[in-house]
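Here is a short briefing to read alongside your model. Take a look at the structure first, and then we will walk through its charged pairs and its confidence.

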Amino acid sequence: DEESDTETQDWGTEWSNIEDELKQFGDDPLIADALKSGGAGSVRQFSKKIEADLRKVEKESIMQFVNESSNIVELHVKMQSCDKIMGSYDQMLSDFERDLGKIGIEIRELNEKALGLSTLSRNRVEAEAGIAEFISSASVPAGMGRRLLEVEIEEAGGGAGESKASEEFLSLLEALEGRLQYAGTFDKG
């Protein structure tokens with residue numbers, strides 16, 4: 001008796017599942033049509049029909065695949081060709097990036113050289129200005145040297161012209177002394 005109760009409970013569980021499934025899928029037109037047509041026998045026939053339809057669709061799919069195989073092979077070849085082209089573009093872009101890096105380095109080096117040349121040019125201009133100032137302040141103009149040699153040296157007690165000559169001579173000597181003192185400051189420094 002206990003075994004029959006267990007079997008009944010098992011069938012009860014299965015029947016409750018079937019009822020739930022019928023509620024869930026009963027609205028499906030194919031399942032509803034199969035159930036209306038005559039119960040379990042129709043369901044078996046319907047199941048066989050579905051299996052036959054599935055085999056037919058499977059064969060059609062295989063035939064379509066076989067018919068399209070040449071297109072698939074062609075597509076595969078085209079994809080490989082595209083991969084090669086993309087690989088060459090990738091290599092070309094890598095080379096371009098490397099070249100740009102080299103150009104960037106060269107630009108930095110040229111900027112550094114230009115900065116160095118700018119500093120040298122600025123230093124040269126400053127040095128030339130300093131040398132020009134030194135030369136103009138320390139050199140004896142040709143006219144001054146000639147005039148020193150030409151002016152007569154006389155005492156201030158003589159005539160008016162002689163006094164002037166002495167003043168001119170003294171003035172030239174003072175200018176010469178100033179230039180010598182200026183030039184002498186560079187010897188000490």
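Let's start with R147, which is partly exposed at a relative accessible area of 32%; buried means under 20%, exposed over 50%, and partly exposed in between, using a 1.4 Å probe and protein chains only. Please keep in mind that this is a predicted model, where local features need pLDDT of at least 70, side-chain atom pairs count only at pLDDT 80 or more, and totals for chains, interfaces and linings use all residues. Residues are numbered from 1 along each chain as its sequence is written, and side-chain values use heavy atoms, with hydrogens and water left out.

**R147 and its partners**

- R147 and E168 meet through their side chains in a salt bridge of 2.4 Å, N to O; the term stands for a side-chain nitrogen of Lys or Arg within 4 Å of a carboxyl oxygen of Asp or Glu.
- Because R147 sits in helix α4 and E168 in helix α5 (residues 160-188), this pair ties together parts that are 21 residues apart in sequence.
- Helices are DSSP runs of H or I with at least four residues, strands are runs of E with at least two, and both are numbered from the N terminus.
- E168 is partly exposed, at 27% relative accessibility.
- R147 also forms a salt bridge with E150, where the closest N and O atoms are 3.7 Å apart.
- R147 and E150 are 3 residues apart in helix α4 (residues 142-150), so about one helical turn separates them.
- E150 counts as partly exposed too, with 48% relative accessibility.

**Other salt bridges**

- In total, the structure holds 8 salt bridges.
- Another salt bridge links the side chains of D53 and K49, at 3.4 Å from N to O.
- D53 and K49 are both in helix α3, 4 residues apart, which is about one turn of the helix.
- D53 is partly exposed, its relative accessible area being 37%.

**Confidence**

- The protein chain has an average pLDDT of 80, and 74% of the residues score at least 70; pLDDT is the predictor's confidence in each residue, from 0 to 100.
- Within the protein chain, confidence is highest in helix α3 (residues 40-138), at a mean of 90, and lowest in helix α1 (residues 2-25), at 58.
- Residues 4-13 have a pLDDT below 50, and beyond near neighbours in sequence this stretch has 0 contacts in the model, a contact being heavy atoms within 4.5 Å.
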